[in-house]
Each structure stands twice: as structure tokens, then as C-alpha cells.
Amino acid sequence: MFVTNENKFEYRFGDSGPKYLMKGPRANFALVAFQPGQDFDAHHHNVMEENFYILEGKIDIVVDGKVNVLEPGDFIHIEPGEVHYVNNPYDKPVKMVSVLAPHTDPDKFIDPKPIY
């Protein structure tokens with residue numbers, strides 16, 4: 001058991017990207033932020049499933065070519081092997097929770113960005 005606070009961690013890219021509060025041994029838990037106009041590489045995982053829960057803002061998550069426009073309260077589950085791309089083309093920042101399991105490192109494979 002452990003307790004932590006998000007203020008002890010930083011987003012990977014300063015004001016955006018994942019902020020991992022826990023990385024393994026069985027799952028990863030992160031807060032993720034995207035500023036307007038920011039995106040993240042299209043990628044897939046061979047082992048890990050990925051889940052996003054939207055806390056603030058509006059975000060496009062493209063999974064295997066299908067555009068999902070998500071807003072606060074929305075949840076999306078992405079299976080291993082599904083190519084996903086996250087993009088914030090909107091005018092407000094986004095904050096969401098990401099949970100990946102089972103923890104496997106490395107398990108991220110970059111794919112071409114979809115055109116949508």
C-alpha cells in the first residue's frame with residue numbers, strides 16, 4: 001500500500017503528457033493533460049490494455065480509424081493491438097485519467113498518425 005499526491009509529479013512535457021502516479025508492478029496510473037492543439041503519437045500496445053476517463057475538456061481519441069469525441073464523464077477502453085491516437089483540436093485544455101494494465105515495459109509501438 002502507498003499514498004501519494006499528484007503535486008509530487010510533473011507532466012512529461014511540462015504542461016502536457018502523462019504524469020504517472022504509479023508505474024507497475026501490475027498497472028500504470030497517470031493523469032494526462034493536453035493543451036489546445038496538442039496531440040500524442042498514434043501507437044498500439046501488444047500486451048497492455050489502456051483506459052481513459054475524461055475529467056475536463058473535450059478530446060478526440062481515434063481508435064483503429066474510428067473518431068471518438070469524448071467529454072467529461074466519458075470512458076473509453078482500448079484493447080491490445082488497437083491503434084490509438086489522441087488529439088486536442090479544441091480551444092480548451094484536457095485532463096484525463098489513464099490506466100494501463102498489465103504493466104509491461106516497453107510495450108508502446110508507434111504507428112502512422114491517422115488523417116481524419
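Me: Leaving aside its neighbours within four places in sequence, which residues is Leu100 in contact with?
Reply: Contact means heavy atoms within 4.5 Å. Here Leu100 is in contact with Tyr20, Ala27, Asn28, His45, Met48, Glu49 and Glu50. Keep in mind that this is a predicted model, where local features need pLDDT of at least 70, side-chain atom pairs count only at pLDDT 80 or more, and totals for chains, interfaces and linings use all residues. Residues are numbered from 1 along each chain as its sequence is written, and side-chain values use heavy atoms, with hydrogens and water left out.

Me: Does Leu100 count as buried or exposed?
Reply: Buried means under 20% relative accessible area, exposed over 50%, partly exposed in between (1.4 Å probe, protein chains only). Leu100 counts as buried because its relative accessibility is 4%. You'll find Leu100 in strand E9; strands (E, at least two residues) are DSSP runs, numbered from the N terminus.

Me: In what order do the five strands form the open sheet?
Reply: Strands of a sheet pair through backbone hydrogen bonds, either parallel or antiparallel. Two strands pair if DSSP finds at least two bridges between them. In this model the order is E1-E2-E9-E4-E7, with antiparallel pairing. Strand E1 (17-23) and E7 each have a single partner strand, so one side of each has no neighbour in the sheet.

Me: Over how many bridges do E2 and E9 pair?
Reply: Seven, in the antiparallel sense. Look for Phe29, which stands opposite Val99 in E9.

Definitions and conventions: Helices (H or I, at least four residues) and strands (E, at least two) are DSSP runs, numbered from the N terminus.
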